[in-house]
Amino acid sequence: MDYLPMFAKVKGRCCLVVGGGEVAWRKSRMLHKAGAHVRVVAPSLSAEFGELIERGNIDHVCGDFSESDLDGVFLVIAATDDNDVNALVYELASQRQLFVNVVDDTQRCSFIVPSIVDRSPLIVAISSSGQSPVLARLIREKLEGLLPQHLGSMASIAGQFRQQLKQTVTTLSARRHFWEKAFSGRFAELIATGQPEAAKTELTRLAKTGLTQGEVALIGSGPGDPGLLTLRALQLMQQADVVLYDYLVSDEIMELVRRDAELVCVGKRAGYHSVPQEETNRLIVQYAKEGKRVVRLKGGDPFIFGRGAEELEVLADAHIPFQVVPGITAAAGATAYAGIPLTHRDYAQTAMFITGHTKPGTEALDWSTLARGKQTLVIYMGLLKSEYIQSQLLAHGRASDTPIAIIERGTQSCQKVLKGQLTDLAELAKEAASPSLIVVGEVVSLSEKLHWFGERETQAADNAVVSLA
């Protein structure tokens, strides 16, 4: 980050603009709108300045720039077409430790004026750190269409209610929950439909009802690529007080969690310290009963070999409200990124998902069904049992030359694909690391042809492919 984003209060402060052309006029108008007392130094002014001067609070110092023009100034903008003058303004302002901006010269800027979406008092600023102003402007134009005008009114009414709320809702966490509920509920709807008085009444009602009940969101984070996260998942991750997450959740996705949320790792991984499922269940209930917004974040989809249903049963028994946000399971995401379709009219009419890690004493897999040809078999958590899986599939009739793939860390930038035949499965598994997905079926033969083109094609060197075929 080359610049620290900040909003300066210039209301009533003297701000200097050096230059009298169109660019200087735009900067002066911006400062005037923010309530600044604008001092413009230039031998002459363009016609656009006339209206600003008539409104008052703008002084024109007719003449060339001199050091004394910096007296009593809070910040400076140099907007002349003379490089020598701009350089002089920058040097003298810098010596006085003043904020200074030379238009279109990032080397002579101690601050940058961003592109602005104005929904006062709500302000959105976009900056490219001076590298691509046009790109910043295009982004601003997109945001102008996305952010409704009534957001300003919503922010103003919320600001007026803050002190009153502190008297009835005493903790910071509870107040944050209050506003999150207000901004996504009826209060927001009343503002949007032009009913500000009814909206104020709704805030009062909401404050009296209390927000002591915690809730849980069971979220599937997908196989690892943050671009595959659902919008609903991201919204809830940004609202969470506490996040209980698994080892399978990628670092890139964890970076999207709200910064001040409490993070608790409850992952399970062979050969490493693991949190028992009973302890995970206890923690979820405990945090929810404390009135917190809890996110239980799982890799893939929580209802596909993720024990999500077991955790929800515990919540239901404890009468704790919950919701489920599905995620893209590894079988869909990892195979797609590896160019392996789960079904294909010529190769596979069915796809079956199984796990290589079952509850002790409960394994009862029908290997004769799993070993049928013309179907895709996707095996989660199967590395440790790869030799057993290979032997059972061969013993029950699956062809020895059936194509297979092991996809390690699917969809992530470090994705690795190992390919061979069914007789190679156990050997290939020794080269793979968890988390990995095993795919057995004729569809694997399509991976070279259907692997991502374009942008991901340029990453082929990073996504290593090992083959024993």
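This is a predicted model: local features need pLDDT of at least 70, side-chain atom pairs count only at pLDDT 80 or more; totals for chains, interfaces and linings use all residues.

**Exercise 1. A helix and its buried face**

Task: Find which residues of helix α1 are buried, and work out how they are arranged around the helix.

Solution: 
- Start with the helix itself: α1 covers residues 22-33, which makes 12 residues. From first C-alpha to last, α1 reaches 16 Å, close to the 16 Å expected at 1.5 Å a residue.
- Next, list the buried residues of α1: Ala24, Trp25, Lys27, Ser28, Leu31 and His32.
- Now look down the axis of α1: the buried residues fall within an arc of 165°, so they line one face of the helix.
- The buried residues of α1 pack against the strands β1 (14-18), β2 (37-42), β3 (58-62) and β4 (75-78), and against helix α2 (49-55).
- Finally, step just past the end of α1, where Gly35 has a positive phi of about 90°.

**Exercise 2. A hairpin**

Task: Describe how strand β6 pairs with β7, and sort the residues of β6 by face.

Solution: 
- Strands β6 (residues 115-119) and β7 (residues 122-126) run antiparallel and are joined by 5 bridges.
- With 2 residues between them, β6 and β7 form a hairpin.
- In β6, Ser115, Val117 and Arg119 make up the covered face, while Ile116 and Asp118 are on the uncovered one.

**Exercise 3. Looking for disulfides**

Task: How many disulfides does the whole structure have?

Solution: 
- The search finds 0 disulfides.
- Check Cys15: its nearest cysteine sulfur belongs to Cys14 and is 6.7 Å away. A disulfide needs the two sulfur atoms within 2.5 Å.
- Check Cys414 too: its nearest cysteine sulfur, that of Cys265, is 18 Å away.
- The surroundings can be compared as well. Cys15 is buried, because its relative accessible area is 0%, and buried means under 20%. Cys414, at 41%, counts as partly exposed.

**Exercise 4. Placing one alanine**

Task: Where is Ala316 found, and how far in space is it from Ser434?

Solution: 
- Ala316 is in helix α12, residues 308-317.
- Its relative accessibility is 41%, so Ala316 counts as partly exposed.
- Ala316 and Ser434 lie 118 residues apart in sequence and 32 Å apart in space, C-alpha to C-alpha.

Notes:
Residues are numbered from 1 along each chain as its sequence is written. Side-chain values use heavy atoms; hydrogens and water are left out. Helices (H or I, at least four residues) and strands (E, at least two) are DSSP runs, numbered from the N terminus. Buried means under 20% relative accessible area, exposed over 50%, partly exposed in between (1.4 Å probe, protein chains only). The expected span of a helix is 1.5 Å times one less than its number of residues. The arc is that of the directions from the helix axis to the C-beta atoms. Contact means heavy atoms within 4.5 Å. Two strands pair if DSSP finds at least two bridges between them.
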